[in-house]
Each structure stands twice: as C-alpha cells, then as structure tokens.
Amino acid sequence: MRIASWNVNSIKARLDAALAWLDEGQPDVLALQELKCVEDAFPRLEFEAKGYKAVITGQKTYNGSAILSRLPIEDPMVGLPGDDSDEQARYVEATINGVRIASIYLPNGNPVDTEKFPYKIRWMKRLYARAAELAATGDAVALLGDYNVIPTDEDCYDPRAWDGDALTRPESRAEYRSILNLGYYDAFRAAKPNAPAAYTFWDYQAGAWQKDNGIRIDHVLLTGAALDRMTDSDIDRRPRGRPKASDHTPIWCDLADAPPTPRL
DNA sequence: ATGGCCGTTTTGAACGGA
C-alpha cells in the first residue's frame, strides 16, 4: 500500500495536477492539505471518477485537509480533539487497510510575536495528546502532512536564513520531537538515512526552486508497527517543477501487508 | 529569505502563506 501526502495550496487551482499525480504516483491513499475550499466545493466527483473516495474538512479561503483513498475507508474522524472552540479545518483521520491515517495541516505560527505562534504550540500539544492515544493502541499509525516544522538544520538549505522563524523555533522543534519520543519514526529518514539534503517546499519567491533553496516540512511519521511494514519512502520532486505548481511537492511511503504474528 | 510569488476574496488592495 502506498500512502502519500501533498499540500496542494488550493485544490481548485491544483485539481489537474492532483489528478495527474494520482496516475503518476499511484498512491492508494493521498493526504491533502490547504484545500482552501468548503466541503461542498471539494471536487469529489473528479476523484471518484479515478476510484478515490474522500474524507474532508474544509473552510472558506484557508486551511482544509482531506484523505483520498482507493481502498475502503473506515471510522473517519474530522477535527483534532482537545479544543471545541477551534474552528480551523486542519485535521482528518481514518482507518485504511488496517492503518490509522491522519492528514495534518499544522499551523504555520508566523509572525512569532503574535497570537499565531502560541496557537501553533497549543495545537502541537493537542496533536501530541492524540498521537499518544494512537501510539498506545500498538497498531500501525501514519501521521502525514504539512507539519510546518523544519526538524533539524539539515532539513534547510540555509538555517541562518530561518533563524527565529516559527518553523525552526526551539519550541516548535521540541514539540515535534516530543511526538517522535512517543515512538514515531520519520519515514523518509528511516528509508534514506544517508540521503543528502532533501526538501518538500520551495518558496515561489526569489527563484527558490531554481536555486534548490528548499526546506523539509512535510513529514510521514510512523509508529513502530507501521515502520516494520515500510519498504520505501521518498519525495517526488517532479510536480514542483511544472507550470502552476504548488509550493510543496508530494512525499510518500510504501507499506507491505501486515507481517505474520511473531511466534515464540 | 525577502527585490523577485501565488491564491483568495464582498474585484482589486489586502491578507495569508512559509
């Protein structure tokens, strides 16, 4: 089973690109972020024509998160628990082929001297709580999405340029690490431990793509039970180089069917 | 990484993104 994640920066603007990548990348599951539309405006029929059903949370203009799947979807859940007053559409979850999967659009948090940064940190603490519940099941769990966190300096073309930014702030990195410390693994790093700098986002401005001035902020986090099934993970740079591209590019991992139960 | 973009919206200047 191939599962993937892509921040499309408006599903309306990126519909053709998303449909093309389903053919090209052949994901069984694709987590989408930054839909920038309400649920009713999501192009369900176009994806259903390709055999994908969707779990969606949307809002006007901003945010939005979805899971597309060509395998049956069980127990969908919309919204990150922990704050009923939070109206931002950033989280959906569902079970597919025995794997609990989340599509995450974590708040950016800039500028850090505004309410946006504490909101990001609070949101990350809520994600930690949910990640802990899911890890405690012992099941295969995959938390995919745009984390808006550059985990280490190796994940950035020029760490000095991002010093003080919400994506590299120690508080953001600490919250991210606290999720790893629950027993989650960075799928890309696990599959490609010796890979040189690899990015998932390049700004539209200042020729960032042409200069490979990128950052790695889209992540697939797997519990041990899921990692045991992983056979590969990579970043597909191709969509970023095309006309009318999203500023993010897809990341994916492959999970084999569940291994047999070990016997003593 | 800020000169340079892009998508959205009470359609045209402002906001959010990272």
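**Exercise 1. Determine how many residues surround DNA strand B, and how they divide by class.**

Solution. Step 1: DNA strand B is surrounded by 27 residues, the closest being Ser10, Asn108, Ala161, Asp203 and Tyr204. A residue is near a strand if its C-beta atom, placed from the backbone, lies within 6 Å of it.

Step 1: By class, this surface near DNA strand B holds 10 nonpolar, 9 polar and 8 charged residues. Here Ala, Val, Leu, Ile, Met, Phe, Trp, Tyr, Cys and Pro count as nonpolar, Asp, Glu, Lys and Arg as charged, and the others, Gly among them, as polar.

Basis of the exercises: this is a predicted model, in which local features need pLDDT of at least 70 and side-chain atom pairs count only at pLDDT 80 or more, while totals for chains, interfaces and linings use all residues. Residues are numbered from 1 along each chain as its sequence is written, and chains are lettered from A and ligands numbered from 1 in the order in which they are written.

**Exercise 2. Describe the open sheet that contains E14, and state whether E14 is buried or exposed.**

Solution. Step 1: The order of the 6 strands is E3-E4-E2-E1-E14-E13, and the pairing is mixed. Strands (E, at least two residues) and helices (H or I, at least four) are DSSP runs, numbered from the N terminus; two strands pair if DSSP finds at least two bridges between them.

Step 1: The edges are strand E3 (53–57) and strand E13 (230–235); each has a single partner strand, so one side of each lacks a neighbour in the sheet. Direction ignored, neighbouring strands are turned by 10 degrees against each other on average.

Step 2: E14 (residues 251–255) runs antiparallel to E13, to which 5 bridges join it. Strand E1 (residues 2–7) also pairs with E14 in the antiparallel sense, over 4 bridges.

Step 3: Tryptophan 252 of E14 stands opposite aspartate 234 and is also the bridge partner of alanine 4. Isoleucine 251 of E14 stands opposite isoleucine 235.

Step 4: E14 is largely enclosed by the rest of the structure, because 4 of its 5 residues are buried. A residue is buried if 20 or more other C-beta atoms lie within 10 Å of its own, exposed if 12 or fewer, and partly exposed in between, with C-beta atoms placed from the backbone.

**Exercise 3. Characterise the packing of H3 and H4.**

Solution. Step 1: Two packed helices are described by the angle between their axes and the distance between the axes.

Step 1: Helix H3 (residues 116–136) and helix H4 (residues 170–180) pack at about 5 degrees, with axes 9 Å apart.

Step 2: H3 contributes Lys120, Ile121, Met124, Lys125, Leu127, Tyr128 and Ala131 to the contact, and H4 contributes Glu171, Ser172, Glu175, Ser178 and Ile179. Residues are in contact if their C-beta atoms, placed from the backbone, lie within 7 Å. The contact comprises 6 nonpolar, 2 polar and 4 charged residues.

**Exercise 4. Locate proline 43, lysine 36 and proline 111 in their loops.**

Solution. Step 1: Proline 43 is in the loop between strand E2 (29–33) and helix H2 (44–48). Proline 43 is partly exposed, because it has 16 C-beta neighbours inside 10 Å. Leaving aside neighbours within four places in sequence, proline 43 is in contact with Ile11 and Leu15.

Step 1: Lysine 36 is found in the loop between E2 and H2 and has a positive phi, near 60 degrees. Lysine 36 is buried, with 20 other C-beta atoms within 10 Å.

Step 2: Proline 111 lies in the loop between E7 and H3. The peptide bond that joins asparagine 110 and proline 111 is cis, with omega about -10 degrees.

Conventions: Two residues are in contact if their C-beta atoms, placed from the backbone, lie within 7 Å. Axes are lines fitted to C-alpha atoms, for helices over the stretch in contact, and angles run from 0 to 180 degrees between N-to-C directions.
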